[in-house]
Amino acid sequence: MKISVRLAKNSYPIAITDSFQGLPAALRKAEVPQKGLLVSHQGLLRRYKRGLLEALKKHYSSLEILAIPEFESSKSFTVLQRIVDRLARIGGLQAPSLVAFGGGVVGDVSGFAAAIFRRGIAYIQVPTTLLGQVDSGIGGKTGIDIPAGKNLVGAFHQPRLVYNNISLLRSLALRQRRCGLAEVIKYAVIADISLFDYLQSHMKACLALEASALRVVVERCCRIKAEVVSQDEKDQTGKRAHLNFGHTIGHALEAAGRYQRWTHGEAIAVGMIMAADLAVQMDLLPSRDWQRLRHLIRAAGLPIHAKAVDRRLFMAALGQDKKFIHGRMRWVLPTRIGKVVVTEEVSKAVFQRVLTRYIAFRK
């Protein structure tokens, strides 16, 4: 199956499949240069290198491999420099291409390297996590973290191709599954009540990585993300801001935990339930929908509270959030399951009252 991200320039397909068999043809159709660099993690390369390279070498005449550490800390200037230096060593008159084989960390830092090397080269996303396949691998947002906050340095640079091989998800650890399901829940809340209903009745199948359930959630989320990006490629009209549901608090939590304590999904799960509660307090969301979301997040094994949070790091990251407009926080709040609004009208009193229900700061 193919889903198109339709842009004024540089449209591209999202392939959803269960093997690497169709990858060479997809690379040829996307006109990807045949000299390139594969960026991944050692663990992934040990597990999938043979099958992946067999497919890639049917297209690439020359392909080098670079393994980076499998941690959020790899989204750094140091790792970015390694990737760019390796691209430069490949050399030649024709700019090389880059294959990002991994989750959000590999995709973000590799995509940023592709954005800045020679002012932009072709790159391909081959996500290996549920989070990567439904969200971070699509849309061209690339970047790295700095101490002040997550993804504060980056660029928009669309891939030539997103190749989602669902069979790769079957080896995910339980915590990684839950992390990805947080993003799936996000998509259901912002745009698809039928997906929310599906998750309520199929959460056990999703957690068990049943192929039929995975295909449903990956396909539906990819369609939503493709439509949003097609309408608002560079976050200019406000449509793409809907994708930030749960991320205002989530990103601050990640920074407060120094990107080690909570996974991205765990952090945005807390952010989503808090944002939904804010909406209830403002009479935007029926309480029953907040309860439905709360039950679904818990069914996925995700947290709704965060304890012993470093107040200084949390508030500093919140103040650096890219969603601040004219000194005011811009929130994405649900008005019902399947629909959200963007608002700056959350009062400090309501914010503080709701914050204390979900975030316990370290004493």
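Helices (H or I, at least four residues) and strands (E, at least two) are DSSP runs, numbered from the N terminus. This is a predicted model, in which local features need pLDDT of at least 70, side-chain atom pairs count only at pLDDT 80 or more, and totals for chains, interfaces and linings use all residues. Residues are numbered from 1 along each chain as its sequence is written, and side-chain values use heavy atoms, with hydrogens and water left out.

Reader: Where is the place of serine 11?
Author: Strand β1 covers residues 2-5, and strand β2 covers residues 12-17. The two form a hairpin with six residues between them. Serine 11 lies in the loop between β1 and β2.

Reader: Is serine 11 buried, partly exposed or exposed?
Author: Buried means under 20% relative accessible area, exposed over 50%, and partly exposed in between (1.4 Å probe, protein chains only). The relative accessible area of serine 11 is 43%, so this residue is partly exposed.

Reader: Leaving aside neighbours within four places in sequence, which residues is serine 11 in contact with?
Author: Contact means heavy atoms within 4.5 Å. With neighbours within four places in sequence left aside, the contacts of serine 11 are Val5 and Arg6.

Reader: Which residue in β2 is the bridge partner of valine 5?
Author: Two strands pair if DSSP finds at least two bridges between them. β1 and β2 run antiparallel and are joined by four bridges. Valine 5 has as its bridge partner in β2 tyrosine 12.

Reader: Is histidine 242 buried or exposed?
Author: Histidine 242 sits in the loop between α8 (211-231) and α9 (247-256). Apart from neighbours within four places in sequence, it is in contact with Ile190, Val332, Val340 and Val342. Its relative accessibility is 17%, so histidine 242 counts as buried.

Reader: What is the radius of gyration of the protein?
Author: The protein has 13 helices and 15 strands. The radius of gyration is taken over C-alpha atoms, and the globule rule is 2.2 Å times the number of residues to the power 0.38. For 363 residues the rule gives 21 Å, and the protein comes close to this, so it is as compact as a globular protein of that length, with a radius of gyration of 20 Å.
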